[in-house]
Amino acid sequence: MTTLQSGVPSGPIDQKWTKHRFDMKLVNPANRRKYTVIVVGTGLAGASAAASLGEMGYNVLSFCFQDSSRRAHSIAAQGGINAAKNYANDGDSVYRLFYDTVKGGDFRAREANVHRLSEVSVNIIDQCVAQGVPFAREYGGLLDNRSFGGAQVARTFYAKGQTGQQLLLGAYSAMMKEVAKGTVRLFTRREMMDVVVVDGRARGIVVRHLVTGEIESFAADAVVLATGGYGNVFYLSTNAKGCNVTATWRAHRKGAFFANPCFTQIHPTCIPVHGEYQSKLTLMSESLRNDGRVWVPKQSGDTRSPSNIPESERDYYLETRYKSFGNLVPRDIASRNAKMVCDEGRGVNGELAVYLDFADSIKRLGQSTIEARYGNLFEMYERITGEDPYSVPMKIYPAIHYTMGGLWVDYNLQSTIPGLHVIGEANFSDHGANRLGASALMQGLADGYFILPYTLGHYLATAPLDPVSSRHPEFEKCETLVRDRISQLLAIKGSRSVDSFHRELGLLVWDECGMSRSEAGLRRALDKIPEIRDEFWASVMVSGSGAELNQTLEKAGRVADFLEFAELMVTDALERNESCGGHFREESQTEEGEALRNDTDYCHVAAWAFSGDLSKPVLHKEALTFEEVPLSQRSYK
Amino acid sequence: MTKTISLTLKVWRQKSGNASGKFVTYQVPTVDVNASFLEMLDVLNEQLLLKGEDPIAFDHDCREGICGMCGAVVNGQPHGPQRKTTMCQLHMRQFQDGDTITIEPYRARALPVLRDLVVDRSAFDRVVQSGGYVSVKTGQAPDANAILIPKQDADLAMDAAQCIGCAACVAACPNASAMLFVSAKVSHFALLPQGQPERQNRVLEMLATMDRERFGNCSNEYQCGAACPKGISVSNIARMNRDYLSSKMRLS
Ligand SMILES: Cc1cc2nc3c(=O)[nH]c(=O)nc-3n(C[C@H](O)[C@H](O)[C@H](O)COP(=O)(O)OP(=O)(O)OC[C@H]3O[C@@H](n4cnc5c(N)ncnc54)[C@H](O)[C@@H]3O)c2cc1C
Ligand code: FES
């Protein structure tokens, strides 16, 4: 049986990474081109890793399912990226960023990893500026900062409302420079269908060419997964439509443990669902809560238009319940409270929506100030809803946004399959049970630019790697399985669309494993998921063939994997009978209804192994110890 | 009550790059005006699928107007009638009951059709590979605040850098030129100190690649600027042209 070795080096927390970097073996520059590394994913994590490994001289093969690597989901990040630069001179430091992240994650992350993340955060900003990323600046020409939820310092760097876009284009251009040099080769419009393991090590992947339908094999000395999060298991989320669990799930089935799958983040301010046909939810930046006031009518069934509801009949519930943080409580708390008032029937017109009202700010600061701060968001809101938020309060509701869980990795970012490294949102990461705003971009780039290039070198320098070609029998076996699965999907020719299954699954996990989870509900979901899965394999309709551009087939493969993964996510939520961060178990709350952690029984990472039976995953635990930041209950009252 | 409208769609259907294509007409009787354009296509596709027909292939991903993956020509305009709006952000309330809407792929030599509304935009990647970057390696950077950049320059660079690479500019241009795309990248770097060392080479190489990839020439029609969903200004083209001339002169 595999035991989980985190491989965290000994020594004081602020010296672990420095020491470890020295202790790791290096690959001689002249030898690097003899090593082939596959990087799946071209978001911040994958693009930064591919560019850096290419610069070092490795032979890199880069894959993504979009038509260009510049379109990875990272492009959509709005708010900003954290770094402990202390340019604002407000007392920030590597240690404070580390402290805030451990606490914000509700004590379910590895201290040593978080500290390393904070250390390299400062290098990220330097690197991005050198690449020409046009961060916002002050009049003196220096970089500007803003503050974000869960922190009392201004450490967030931003490029208008398009920080993710600019950071990704920086990493993309660094990668294109390597493509021009020939160190990185691009394989776009490819879907990774499986990892190939030879003699216990990850030695390649099998992909489907999304234009021709061809099944292709690629061999390498190591494989890196940077394939993002699984938020789309909920169907409606703020993620891009193509975000999927396929790559990590297939790796899981090959032996990579899946850690904390129930840790999912719900963002409180998204445009509410408005119709059956709805395909995704749109985020309205967290920054809006700085000037907007959240409220609902005091009486359920009050369907008057908001302007006709007098002050005395409005409930500004966050301001009343959380006197010191008010509208700026962390994401999980704001989300749960919105759900509570809507469950009481007090949502706008009895629907799942609450008001985010700017009337007071407009009166106080003038419309032009609000326009300067949030103009682009107000415009987007109006485009989508057809309502003018300057005159009518915005309607918002929480939505799935980010997944803290992911493949388990050790300190070197290696999964339980030797040679398979996992970076970015795809790993179970440094965010514990809740991620702070502006920290996902930081983690993706930390992994790709500054951590993986070292740890992967160590792996290559020390692992016994016999030459393996893509004609090895393991590849052929894998290709056959992939082809069979595609044929099976195409042969069903049933009566239900792929989306109808995805919607059904999404609604189920949203109801039972979303903002609030109970034993009874989770058990209901565990009964229902295998039924939906069986129904899918009996009656899904996939038209066309496998030998062409077939978007229905692409979706069907992804939904089939979500239908397997969902069961693990719910099992994990049931297993963890405590509330922490984004995971709220109704059985574990304080008298005031706040999340109650249970450190005696659950101060661990839950890492699940695939047993061959989808309903019987095997749980392994990595105990977490907190030597620097003492365990304490969060309070935002 | 949600309002619905009834539409006639004329959609370009083409099975593959080599196949010939044609317009096919579909009636969509109850379109919710709050749906996005792509959601309207989703609903139609679901109906086609259940009838055993192939759904209409179209590229999309973020559906938030930022990834640049979506895009087709709607009633003669790339991304459709609403200004500064990508096709995924276009909503059906922009149309009237009884409208006929024509939807076809971008048409340009450099952007061959792969299927239905899906085109191959990899030429854009190759243009970037020829110089759309600053040659700095990971680890070589000085402290971020060691490089001072006047706010006005940073803001202008940001305006240019906002390009989402959707190729609407090429589709809008009568010559299928990529000048707006290339000039946005060239300007982004030309406006920043980090972009100076490679400034001359960059503009020459990127324009040479643009030609090689069979994009057309610019004849100052400025359709590109009007079609751009991000409002990238055509003044970037003028800036690039100045850079191009001075770089050429200095080299000769
Ligand atoms: C609307 C929104 C706003 C956000 N704003 C912020 C913010 O302000 N600050 C912040 O820190 N974080 C933010 N986040 C979170 C952050 O954007 C993501 O966590 C982060 O970008 C993930 O990066 P990544 O590189 O791990 O993966 P991604 O960017 O998701 O990239 C995944 C890559 O993997 C590829 N891929 C996936 N599956 C396969 C497969 N099967 N085969 C082949 N290729 C595959 C894709 O093609 C893609 O290239 C936001 C998220 C959303 C949804
Ligand atoms: S789908 Fe991303 S811009 Fe339209």
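Predicted model: local features only at pLDDT ≥ 70, side-chain atom pairs only at ≥ 80, totals over all residues.
Residues are numbered from 1 along each chain as its sequence is written, and chains are lettered from A in the order in which they are written. Local features need pLDDT of at least 70, side-chain atom pairs count only at pLDDT 80 or more, and totals for chains, interfaces and linings use all residues, while side-chain values use heavy atoms, with hydrogens and water left out.

The contact between the chains (heavy atoms within 4.5 Å) involves 75 residues of chain B and 79 residues of chain A. Together the two chains bury about 6200 Å², with 52% of this area on carbon and sulfur atoms; buried area is the accessible area (1.4 Å probe) that two parts lose on being put together, summed over both. On the side of chain B, B:Asp61, B:Glu64 and B:Thr138 supply 11% of the area buried against chain A, more than any other three residues. Eight salt bridges are counted between the chains, a salt bridge being a side-chain nitrogen of Lys or Arg within 4 Å of a carboxyl oxygen of Asp or Glu; one salt bridge joins A:Glu548 and B:Lys15 at 3.3 Å, N to O.

Within chain B, the domain assignment (automatic or from a database) gives domain 1 (4-104) and domain 2 (121-136 + 145-251), whose C-alpha centres lie 30 Å apart. The area buried between these domains is about 840 Å², of which carbon and sulfur atoms give 57%. In domain 1, B:Gly68, B:Pro78 and B:Lys84 lose the most area to domain 2, together 48% of what that side buries.
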